[in-house]
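Good morning, everyone. Let's take a few minutes on pockets. Please have a look at the screen.

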Amino acid sequence: MARLKLVRTPQEIKAYAHWATHPVEAVKEWFTVTPDDYQGDILTEMFAGGERFAIKSAHGVGKTTINAWAGWVFLNCFENSRVVATAPTFANLNDQLWPE
């Protein structure tokens with residue numbers, strides 16, 4: 001299968017390079033929402049280059065939304081990128097993450 005080559009203008013290249021290190025700004029511009037402070041902290045940490053981390057919190061506080069935003073930012077800002085999403089069941093992915 002042939003790969004499509006994405007051609008970006010110099011302005012787009014600069015913008016995506018900025019968003020790759022400022023994911024909260026990408027979320028604000030792309031989705032016209034402002035993440036809560038803790039969501040912004042998590043997004044920033046995700047793109048800071050650390051190895052890994054865990055998010056411990058209650059139900060309904062926006063963890064799935066953070067993952068959806070992070071996936072979009074990563075896929076758009078890093079050429080030829082792939083994002084792996086896992087969950088305990090397919091229903092978790094299908095009913096929660098993908099709709100976000």
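Predicted model: local features only at pLDDT ≥ 70, side-chain atom pairs only at ≥ 80, totals over all residues.

Some background before the numbers. Rolling a probe the size of a water molecule over the atoms shows where empty space is left.

Start with the largest pocket. How much space lies in the largest pocket? About 940 Å³. Its lining takes in 30 residues. Nearest the centre are Thr64, Asn67, Ala68, Ala85 and Leu97. Two elements give two or more residues to this lining: helix H4, residues 63-77, and helix H5, residues 90-97. Which of the elements gives the most? That is H4, with 10 residues. We have 17 nonpolar residues, 10 polar and 3 charged.

On to the second largest pocket. Its volume is about 310 Å³. Here 15 residues form the lining. Find Leu6, Arg8, Phe78, Glu79 and Asn80 on your screen, as they lie nearest the centre of this pocket. The elements giving two or more residues to this lining are helix H1, residues 10-21, and H4. H1 supplies the largest share, 4 residues.

In the largest pocket, H4 is the top contributor to the lining.

Terms used:
Residues numbered from 1 in each chain as written. Heavy atoms only, no water. 1 Å grid on protein atoms, 1.4 Å probe; cavity = no way out; pocket = protein on both sides within 12 Å on 5 of 7 lines; lining within 4 Å. Points joined across faces, edges and corners; volume = space filled by probe spheres on them. Nonpolar A, V, L, I, M, F, W, Y, C, P; charged D, E, K, R; others polar.
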